[in-house]
Amino acid sequence: MEIEDEAWTKAEPEIEALVWRAAQAVLDAHEDIEGNGIVILLADDDSVQTLNRDFRQKDYATNVLSFPSPPNPEGQIGDIALAFGVCRREAIEQGKPLAHHLQHLVAHGVLHLLGYDHQDDVEAEAMETFEREILAGLDIPDPYAEPPFPEG
């Protein structure tokens, strides 16, 4: 793991344990995969925007990027990069703890490394169902559930 932006550790002192717990939960559920090498970069928005622009031709920061590795003898399955500002902003907007949102995005990114996608409704539903199962095992509420409406 690479922590490029110290804002991550200031916001979540146990950041490394949170990240690896989420990544390992996905890998444990996929015993059929070969390899488990993942590099996770906890970056700032500018770094993720640069990666998104250079590799996806989309010039904006996004929450998580996944870069699957081709088959290799080292067992490396890919790299993930997360943008602190985007992740924090989304967590606040969604009324979620940053730790929960981060673990959801790590699981989401690892699933992309394993070939899951959400380009159509069928793929999206399959990926979201698996994310819900992984997160439930981490005691994290359904990230796709509608927030409860305030009484009054």
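Modeller: A salt bridge here is a side-chain nitrogen of Lys or Arg within 4 Å of a carboxyl oxygen of Asp or Glu. The side chains of Arg132 and Asp142 meet in one, at 2.9 Å from N to O. That pair links distant parts of the chain, with Arg132 in helix α6 and Asp142 in the segment after α6, 10 residues apart.

Biologist: Before we go on, what kind of model is this, and how are residues numbered?

Modeller: This is a predicted model, where local features need pLDDT of at least 70 and side-chain atom pairs count only at pLDDT 80 or more, while totals for chains, interfaces and linings use all residues. Residues are numbered from 1 along each chain as its sequence is written, and side-chain values use heavy atoms, with hydrogens and water left out.

Biologist: How many salt bridges does the structure hold?

Modeller: There are 3. Arg53 pairs with Asp54, the closest N and O atoms being 3.2 Å apart, and Asp59 pairs with Arg53 at 4.0 Å.

Biologist: Changing topic: which residues make up the negative patch on the surface?

Modeller: Asp120, Asp121, Glu123 and Glu125. Patches take residues with over 30% relative accessible area and no salt bridge; like charges are joined within 9 Å, and nonpolar side chains (Val, Leu, Ile, Met, Phe, Trp, Tyr) within 5 Å. Glu125 has a relative accessible area of 45% and sits in helix α6, residues 121-137.

Biologist: What about the overall fold, which elements are there?

Modeller: The chain has 6 helices and 4 strands; these are DSSP runs numbered from the N terminus, helices being H or I with at least four residues and strands E with at least two. From the N terminus on, the order is β-α-α-β-α-β-β-α-α-α.

Biologist: And how much of the chain is buried?

Modeller: Of the 152 residues, 40% count as buried. The C-alpha trace spans about 60 × 30 × 30 Å along its principal axes.

Methods. Accessible areas come from the Shrake-Rupley method with a 1.4 Å probe; for residues, only the protein chains shown count as cover. Lys and Arg count as positive and Asp and Glu as negative; His and the chain ends are not counted. The place of a charge is taken as NZ of Lys, CZ of Arg, CG of Asp or CD of Glu. Buried means under 20% relative accessible area, exposed over 50%, partly exposed in between (1.4 Å probe, protein chains only).
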